[in-house]
Amino acid sequence: MTPELVLRAAGHTDVGRLRPSNEDTILVSADLGLYLVADGAGGHRSGEVASALASRSIRNYFGATIKRTHDQPEFDRFGIPSGARRLSAAILKANRDVMEIAKSQPKHRGMGTTVVAACFSPRSGLMHVGHVGDSRCYRLRSGHLELLTQDHSLLADVLEQRPELDDTVLARLPKNVVTRAIGIDPLLRVSMRSYSVVAGDRYLLCSDGLSVPVPAQEIALTLAAGSDLDAISLGLIELANEAGGPDNIAALVLECTDGPDKDSVPPPPEEIVAMTREAEARADPELLILGIEELEALDADSASDDLLRALEGLVGRSS
């Protein structure tokens, strides 16, 4: 029998050394198995409102749906973890809530927030990570630090489409542009991944106020130091401030103190696998490609597409 996950968590936020107010928010909800960091943005302290509202909305969604999870299978009929879908739905609900407040209260128009959230499924031993923007999730396992999220930033989007660009061209791109955030686009896309959790794992959820000024090697060394998670979180914040504290800082540290002793993702139940095979057997085997005409009809341009077009003159057509 797989040992049940046992988790510890500690986190802090800090205003940093250059910002007038703290717009970062953390959430630790052990009863719901939910943890998050939100990094707000917007004038007149609206970033603080956006991050706090998103955090509360996601927690409320988890609280309202907890009974439903008892009756749900760990994987849906498509083999997707139910916990991942639940977290994605919670983030999308937060997006609608933030946009509604911004729309109804002029002083909060234009506010938004990044978010990185993790929830845990004790039955499967999986951690589900959802994020929008450039707040990050790291995993420290056996001394190795790994970034589990990919920033939704202008630089990352440009690299996806133009990986051959010279570094001198990339260096001219704005460094603080995120291409996804809660409160900006009603058609928000949430990046979701699920990972098996192993006893001894440590995870860090953080805002870019930590990940930008502090090198990954220093994050790894601090995250591995000692057993006091509260002290580790404060130590990470101290590193960011020593590096100039250019932004608000949020650091939430998680540790799995008991659970599986090796990386093993449980397969979906056999009945789900059988249903999937049956559906595939009935499906048309040809590859369906959505054409340009259909894309235009759907009006599916993303914020990142608009940004890339706007920067075409800066980037140029060649490296």
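The protein chain holds eleven helices and ten strands. The model is predicted. Of its 319 residues, 46% count as buried. Among contacts between residues at least 6 apart in sequence, 72% join residues at least 24 apart.

## Exercise 1. The sheet that contains β2

Task: give the strand order of the open sheet that contains β2, and name its edge strands.

Solution. 

Step 1. Read the order. The five strands run β2-β3-β4-β5-β8, and the pairing is antiparallel.

Step 2. Find the edges. β2 and β8 (191-196) each pair on one side only, and these are the edge strands.

Step 3. From one strand to the next, the twist averages 10°.

## Exercise 2. Pairings within that sheet

Task: follow the bridges from β2 to β3, from β3 to β4 and from β4 to β5, and name bridge partners along the way.

Solution. 

Step 1. Start with β2 (residues 24-29) and β3 (residues 34-41). Six bridges join these antiparallel strands. Thr25 has Ala38 of β3 as its bridge partner, and Leu27 stands opposite Leu36 in β3.

Step 2. Look at the turn of this pair. β2 and β3 form a hairpin with four residues between them. In the turn, Gly33 has a positive phi of about 65°.

Step 3. Go on to β4. Eight bridges link β3 to β4, again antiparallel. The partner of Gly40 in β4 is Thr113.

Step 4. Finish with β5. β4 and β5 run antiparallel and are joined by seven bridges. Ala117 is bridged to Gly130 of β5. This pair is also a hairpin with four residues between the strands, and here Gly125 takes a positive phi near 70°.

## Exercise 3. The cover on β4

Task: decide how many of the residues of β4 are buried, and state which helices lie across β4.

Solution. 

Step 1. Sort the residues by direction. Gly112, Thr114, Val116, Ala118 and Phe120 point one way from β4, while Thr113, Val115, Ala117, Cys119 and Ser121 point the other way.

Step 2. Apply the cut-off for buried, which is under 20% relative accessible area. Ten of the ten residues of β4 are buried, so both sets pass.

Step 3. Place the helices. Helix α1 (residues 46-71) lies across β2, β3 and β4 (112-121) and runs at about 155° to β3. Helix α2 (residues 82-104) lies across β3, β4, β5 (126-132) and β8, at about 25° to β5.

## Exercise 4. How α6 packs with α7

Task: classify the packing of α6 with α7 as roughly parallel or roughly antiparallel, and list the residues that make the contact.

Solution. 

Step 1. Two packed helices are described by the angle between their axes and the distance between the axes.

Step 2. Read both. The axes of α6 (residues 216-223) and α7 (residues 229-242) come within 9 Å and cross at roughly 155°.

Step 3. Classify. An angle over 145 degrees counts as roughly antiparallel, so α6 is roughly antiparallel to α7. The crossing is right-handed.

Step 4. List the contact. α6 contributes Glu218, Ile219, Thr222 and Leu223, and α7 contributes Ile232, Gly235, Leu236 and Leu239. Five of the contact residues are nonpolar, two are polar and one is charged.

## Exercise 5. The backbone at Ser142

Task: state where Ser142 is found, what its phi is, and whether the residue is buried or exposed.

Solution. 

Step 1. Locate the residue. Ser142 is in the loop between β6 (136-141) and β7 (144-147).

Step 2. Read phi. The value for Ser142 is near 50°, which is positive in a residue other than glycine. Most residues other than glycine have a negative phi.

Step 3. Check the surface. Ser142 has a relative accessible area of 79% and is therefore exposed.

Definitions and conventions:
Residues numbered from 1 in each chain as written. Predicted model: local features only at pLDDT ≥ 70, side-chain atom pairs only at ≥ 80, totals over all residues. Heavy atoms only, no water. Pairing = 2+ DSSP bridges. Helix = DSSP H or I, 4+ residues; strand = E, 2+ residues; numbered from the N terminus. Axes fitted to C-alpha atoms, helices over the stretch in contact; angles between N-to-C directions. Parallel < 35°, antiparallel > 145°, perpendicular 65-115°, else oblique. Left-handed = near helix turned anticlockwise from the far one by under 90°. Contact = heavy atoms within 4.5 Å. Nonpolar A, V, L, I, M, F, W, Y, C, P; charged D, E, K, R; others polar. Buried < 20%, exposed > 50% of the residue type's maximum accessible area, 1.4 Å probe, protein only.
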